[in-house]
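Hello,

Here is the structure I promised to pass on. Have a look at it first, and my notes follow below.

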Amino acid sequence: MPRPVLAVALALLASLPLAAISLISVNDEIKLGRETQGQVRKQVPQLADQAITDYVTKVGRRLAARAAGPKYPYSFSVANYRELNAFALPGGPVWIHRGILHAAANESQLAGVLAHEVAHIAQRHAADQLTKQLVANGLLGLLGAMLGNDGGGARTAQVGAQILANGYMLKFSRDDEREADRIGLTILQRAGWDPRGMPEFMETLRRAQGRDPGSVETFLSSHPAPGERAAVLRRSLGSRASGRRDTAEFRAIKARAQRLPPAKAMKATK
Ligand SMILES: [Zn+2]
């Protein structure tokens, strides 16, 4: 590869305000999310309980209706895993592990977990991360395109293949995580839940870390320390705290989940 071309390309990339642009359109993001969702469904044991799935979907949709940003086709699924984890795919799909239902003490805590994931999607964090990956890994393709090879056209498919190859859980930046907490808290509040549910559940995660580290390992590998997150949220809440904390429906759904055969362990299936 001729050196001057590489130098020009690198200078060009360095001049792009990366934080401000996304090379992934909303439609591409939704398409990638659908593809990834198909892969996740093959890898993850989905909880086959309609009442529980319907309930989680109802809570999730109520939150998504209060999220700013593009009107993504949000969907909510429950993985039959015992570990405390939740994740968002690009452009709409949200998953929680069944363990979250067992660990949440009230509906506002469950809604807090979902609100954080909805915020990741609404703030387009996946598109930001994919743009970064594209720039980091797609550099050669981009250079190829500049040199006249047709490397740029299949960009979306390429990036899609990369996410799938790296596992379906995208690693967001610490800033993304802080933003998802902040925006998620607002969404939770606007949708009518007691926002204290969010820091409360983080305390639950922190306690789980001491008692059963394996149950939060995956979650903690991708998120800042829950104690710190809870403290930041509590400071931002101050004395503002009102809203729905719990419902009979949540208690019935939680009891239902507890009566089902035990949830699977993630490790055993990997
Ligand atoms: Zn997150």
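A charge sits over a ring if NZ of Lys or CZ of Arg is within 6 Å of the ring centre and within 35 degrees of the ring normal. With that in mind, look at Trp 193: Arg 62 lies over its face at 5.3 Å from the ring centre, and Arg 244 lies over the face of Trp 193 at 4.4 Å from the ring centre.

Some background before the rest. This is a predicted model, in which local features need pLDDT of at least 70 and side-chain atom pairs count only at pLDDT 80 or more, while totals for chains, interfaces and linings use all residues. Residues are numbered from 1 along each chain as its sequence is written, and side-chain values use heavy atoms, with hydrogens and water left out.

The protein chain has 14 helices and 3 strands; helices (H or I, at least four residues) and strands (E, at least two) are DSSP runs, numbered from the N terminus. Of its 270 residues, 48% are buried, where buried means under 20% relative accessible area, exposed over 50% and partly exposed in between (1.4 Å probe, protein chains only). Contact means heavy atoms within 4.5 Å. Among contacts with a separation of 6 or more, 77% are between residues 24 or more positions apart.

Now the sheet. The 3 strands form an open, mixed sheet in the order β1-β3-β2; two strands pair if DSSP finds at least two bridges between them. Because β1 (75-79) and β2 (86-88) each have a single partner strand, they stand at the edges, with one side of each left without a neighbour in the sheet. Neighbouring strands are turned by 15° against each other on average, direction ignored. Axes are lines fitted to C-alpha atoms, for helices over the stretch in contact, and angles run from 0 to 180 degrees between N-to-C directions. β2 and β3 (residues 93-97) pair in the antiparallel sense over 3 bridges, and Phe 87 stands opposite Trp 95 in β3.

Helix α2 (residues 26-43) lies across β1, β2 and β3, running at about 30° to β3. Helix α3 (residues 50-64) packs on the sheet, touching β1 and β3, and its direction makes about 140° with that of β1.

Phe 76 is found in strand β1 and is buried, with a relative accessible area of 5%. Beyond its neighbours within four places in sequence, its contacts include Thr 53, Val 56, Gly 60, Val 94 and Leu 114. The C-alpha atoms of Phe 76 and Ile 96 are separated by 7.8 Å, 20 residues apart along the chain.

The structure holds 2 aromatic pairs. Rings of Phe, Tyr and Trp (its six-membered ring) pair if their centres lie within 6.5 Å; planes under 30 degrees apart count as stacked, over 60 as edge-to-face and the rest as tilted. Tyr 72 and Tyr 74 are edge-to-face, because their ring centres are 6.3 Å apart and their planes are at 90°. The rings of Phe 87 and Trp 95 have centres 6.1 Å apart and planes at 10°, so that pair is stacked. Phe 87 is buried at 5% relative accessibility, and Trp 95 is buried at 0%.

Finally, helix α10 (residues 197-211): its buried residues, among them Phe 201 and Leu 205, pack against α4 (98-103), α5 (107-122), α9 (174-190), α11 (217-222) and α12 (226-237).

Best wishes
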